[in-house]
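Here's a quick look at charged side chains and how they pair up. Have the structure open as you read.

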Amino acid sequence: MLRDSQTQEPSQLYALQLPEDVPPEVRHPVIDAVYPAMLDHIKEFGHPNIPLGNPDGKRCATLRRLYAGSKLSPVQIDFLQNQVNFRFISFDDIYHEVDFDIMLARLVEYESEYQTNYQIPKKFNPDPALGGWVINLRRLGSEAIRSSNEEHYQKLENISFAWKSDKKCGSSFMSNYRLLKAHLERESSSSEIMEDTVDKMDGGLKKWLKATIAAADFGNVSESRIEYMDDLKELYGFSWRSHD
């Protein structure tokens, strides 16, 4: 039963205006699985975009891949995008897709409240888009931002934006990815990698590659990591998904 609307936060009102169950015409295994968590996320944070780090965040990433691959119907897209306010665009390229000044204002507001020298977590539940935007800025780097848009660069300099994260990337994925790149670098004698290059990998690296391919097939690898792996095709002619 609905409570008095004047006693509820806007995010709670928004969630309560949505149906408790997925409408029949919208049913899909991934939508069915993640929708209850989306409602809970809306009530707590005001939006349905659950960040990676748990099964429901991975399901949101899967929905984005289904959308990109034209695997969702217009009715499903309309429900998620226009009623639930789900964001189909990946946060990994958000710098090029959102209003810079709006995001800058949100970043300044974040820093005023938390005072972390702009060390915002990528998985920042109240505003995952902001976390992704900051990661994007650092990935592009100050010189690339400056050459593409001097005004953006100067505004970031004016707030003393920290272009480098205090956190070191020590994830298992990146450690193995660097080992894979080193292996391909040694193996590449021309523009194309030899077919037996996987056979020449040590057992641990070969096992990691196989596990990464399997995880990607199930939608459990983030967009940014898939982009890292896809870059190997351009760099070394190595099509990672074909080596399962």
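What follows covers the salt bridges and then a charged surface patch.

## Ground rules

This is a predicted model, so to speak: local features need pLDDT of at least 70, side-chain atom pairs count only at pLDDT 80 or more, and totals for chains, interfaces and linings use all residues. Residues are numbered from 1 along each chain as its sequence is written, and side-chain values use heavy atoms, with hydrogens and water left out.

## Bridges within a helix

The structure has six salt bridges (a side-chain nitrogen of Lys or Arg within 4 Å of a carboxyl oxygen of Asp or Glu). One of them pairs Arg-59 with Asp-56 at 2.7 Å, N to O. Both sit in helix α3 (residues 55-68), three residues apart, about one turn of the helix; helices are DSSP runs (H or I, at least four residues), numbered from the N terminus.

Over in helix α8 (residues 150-158), Lys-155 and Glu-151 are four residues apart, again about one turn, and their side chains meet at 3.2 Å, N to O. Shared partners join Asp-101, Glu-151 and Lys-155 into one network of salt bridges.

## A bridge across the sequence

Arg-106 forms a salt bridge with Asp-127, with 2.7 Å between the closest N and O atoms. Arg-106 is in helix α5 (residues 100-114) and Asp-127 in the loop between α5 and α6 (128-140), so the pair ties together parts 21 residues apart in sequence.

## A negative patch

Glu-227, Asp-230, Asp-231 and Glu-234 gather in a surface patch of negative charge (Asp and Glu count as negative, Lys and Arg as positive, with His and the chain ends not counted; patch residues have over 30% relative accessible area and no salt bridge, like charges being joined within 9 Å; areas use the Shrake-Rupley method with a 1.4 Å probe). Glu-227 belongs to helix α11 (residues 223-236).

Notes: Patches are made of residues with over 30% relative accessible area and no salt bridge: like charges are joined within 9 Å, nonpolar side chains (Val, Leu, Ile, Met, Phe, Trp, Tyr) within 5 Å. The place of a charge is taken as NZ of Lys, CZ of Arg, CG of Asp or CD of Glu. Helices (H or I, at least four residues) and strands (E, at least two) are DSSP runs, numbered from the N terminus.
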